[in-house]
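Thanks for coming, everyone. Let me put the model on the screen, and then we'll walk through it.

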Amino acid sequence: MLTHIADALPLVLTWHMAAVILASSAFGLFVGAVPGLSATMATAMLVPITFFMDPVPAIAAIVTTAAMAIFASDIPAALVRIPGTAASAAYIGDLNALMRKGQVTRALGISVTASAIGGIFGSLVLMVAAPQLAIISLNFTSDEYFFLALLGLSAAVMLGTGSILKSLMSLAFGLMIASIGMDTTSGYPRYTFGMTSLLDGVAFVPALIGMFAIPELIRTFVNRDVVAPVAPVGNPLRMFTGVGRLLWRSKVNLLRGSGIGTIIGILPGAGSDIGSWISYAVSKRFSKTPEEYGKGSQTGLVEACAANNSALSGAYVPAMVFGIPGDSITAIVIGVLYVKGLNPGPMVFLTSGDMIMAIFLVFLIANLLIVPLGLLAIALSSQVLRVSKLTLAPLILGFCIAGSYSIDSSASGIVIMLVLGVFAYLMEENGFPVAPAILGIVMGLLVERNFVTSLIKADGSILGFFDRPIAVGLACLVLVVWITPVVLWWNRRRARVSA
Amino acid sequence: MKLHDSVIGGLLICFGLWVVWTSSSFPKLTGQPIGPGTFPVILGVATVLGGIGIGVQGLRNGGPLMQLASGWRSAERIASAMVLIIGTALLAMNFETIGFPIGGSILLIALFATSGKRHPVWIGLAVGFIFMLHILLSGVLQVPLPAGPLKGLI
């Protein structure tokens, strides 16, 4: 690992990388601080630009943008009670209660410091765990990969919010989109309707931009939310007064939040929002003062903020080692890695170990930068929060159109963006989450290829999938993920009937 | 626009059946019982089953067949959304001819106008932003965005 770090340092410590990291930090902080614009949307908007960059700066831009946006979403949560991303929603009550008590500066100080520490913890785990897992996974065959992919997709469906059935249908839709174009095994064209532009399949980047950005833009134009009044921030330099003492007193919370966040992040399909909610719930469960939670609990804030950013790093473990996204942002990263020829999987650690380590080092740098840049963002937040989404929406559309076109210099990219975007809007309006569909689009090829390979190896017999012990273990894990919600539902039903 | 779950269930069943029917006609791999249609058939069957589940849930729950969010009852807001969707579609169809600087500017000006931002400052912002984006992407990042009638000028 030390050799890889030594090789990676020259790739990271350049003026070009410094400029990329600073520019994407500013972009991430801005998007994260505007209520309603998500970290995923910021990442999706960045993809067309990364397309024209070298692999390491491209991924560095995405990593930095996401880390900054996740932290910055705490700013509108604290000042106008609108979470910038779903990850901040878990502890919005505490942020707002602290604001009402006149302690908004302290709340943001806790958020910025805990986010940075959680992020650094997750990055270190990523740097140590990912290469070890990669060595183990070198022995994996199509059977193990199929069950791993299935585990990721199942976790995304089961751990998401809302109806499991609708999440499942959303996933099936994504997998169907991925099956459009020439079949990789036989070369047979599927669902192309005679259009040559579809032979290579549905372009991933326009699909992604459309499904994340267009529904948000339609909602912005139709709902026209008013800009909420912004609470005064006070002197940002006093933000850290007393925070060190609080963090020392809450060191167990800090460590537990970082640990839970990292583990949740590593689980395929679960991201920082789920990490934040679970960590907050665990913190409340073990607290001596659970009644304070939701009313300005500073320890709850420490734990959930640390979980937020550590989950973001953890999600890169399955993404890098198996090519299975941990959340929507890593789904985008996997797409970019494929475009850059850095196909994620265990082999990438052998063939491009220096580049992978350089990406991991960027994680550390981005999380360290959260403190100084976060301070600046908080100081400027009262101005940023006065920008209405309605003003930004047309500009974002301009960006999306240019980005969708630029991937293969074809207007078909704009059409894909628009059609899938409108469809995603209708899906969300009807309670179908979009994230499983995105995971389906990203992982469709991986799932189908390994499924078909395993079936061919076993002469069409499904029993051939269970010949190897690791595959059997993974299949059991998939079963656990499938059965758990059914058992929980059955228990709830029984409790209702007996009541 | 929120459709009743029974309607959605019906649509999913139809879609799933269409996928199964289409995929079943795909050829098999030589000497194998499977082919390019195997995976889509599984997805189609799953969609039919999911459609039945959602449809049955919908029938149990009741409620109106279709509901519109309050924003969709305002003519001005519908105009904004339609400019976004139809305007982008028209721009995509004529992208090479009209070019990004002119087409993009017109679309953004129309969006600002339907959002109630009709002051000349917004026209300036729309044109300035699109031209800046065009110069940044085509000049700095070498993205071949079409300039349309302005080819050779910017």
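Start with Tyr191 of chain A. Is Tyr191(A) buried, exposed or partly exposed? Count the C-beta neighbours inside 10 Å: there are 17. Buried would need 20 or more, and exposed would need 12 or fewer. So Tyr191(A) counts as partly exposed. Keep in mind that this is a predicted model.

Where is Tyr191(A) in the chain? Tyr191(A) is in the loop between β2 (189-190) and α10 of chain A. Its backbone deserves a look too. Phi of Tyr191(A) is near 50 degrees, which is a positive value, and the residue is not a glycine.

Now Phe193(A). Phe193(A) is also in the loop between β2 and α10 of chain A. Phi here is positive as well, at about 50 degrees, and again the residue is not a glycine. What about burial? Phe193(A) has 7 other C-beta atoms within 10 Å, so Phe193(A) is exposed.

Follow the chain into the helix. Helix α10 (residues 204-223) of chain A packs with helix α3 (residues 39-50) of chain A. The angle is about 140 degrees, and the axes are 9 Å apart. Why call the pair oblique? Roughly antiparallel starts over 145 degrees, and roughly perpendicular covers 65 to 115. At about 140 degrees, α3(A) and α10(A) are therefore oblique to each other. The crossing of α3(A) past α10(A) is left-handed.

Who makes that contact? From α3(A), we have Thr40(A), Met41(A), Ala44(A), Met45(A), Val47(A) and Pro48(A). From α10(A), we have Val205(A), Leu208(A), Ile209(A), Phe212(A), Ala213(A) and Glu216(A). By class, that gives 10 nonpolar residues, 1 polar and 1 charged.

Zoom out to the whole of chain A. Chain A has 22 helices and 2 strands. Its radius of gyration is 22 Å, close to the 23 Å from the globule rule for 499 residues, so chain A is as compact as a globular protein of that length. The C-alpha atoms fill a box of roughly 70 × 55 × 55 Å along the principal axes. Buried residues are 60% of the 499. Take the contacts in chain A with a separation of 6 or more: 79% of them join residues 24 or more positions apart.

Last stop, the partner chain. The contact takes 46 residues from chain A and 53 from chain B. On the chain B side, the elements giving two or more residues include α1 (5-24), α2 (38-61) and α6 (120-140) of chain B. That side has 38 nonpolar, 12 polar and 3 charged residues.

How values were computed. Residues numbered from 1 in each chain as written. Chains lettered and ligands numbered in written order. Predicted model: local features only at pLDDT ≥ 70, side-chain atom pairs only at ≥ 80, totals over all residues. Helix = DSSP H or I, 4+ residues; strand = E, 2+ residues; numbered from the N terminus. Rg over C-alpha atoms; globule rule 2.2 N^0.38 Å. Contact = placed C-beta atoms within 7 Å. Nonpolar A, V, L, I, M, F, W, Y, C, P; charged D, E, K, R; others polar. Axes fitted to C-alpha atoms, helices over the stretch in contact; angles between N-to-C directions. Parallel < 35°, antiparallel > 145°, perpendicular 65-115°, else oblique. Left-handed = near helix turned anticlockwise from the far one by under 90°.
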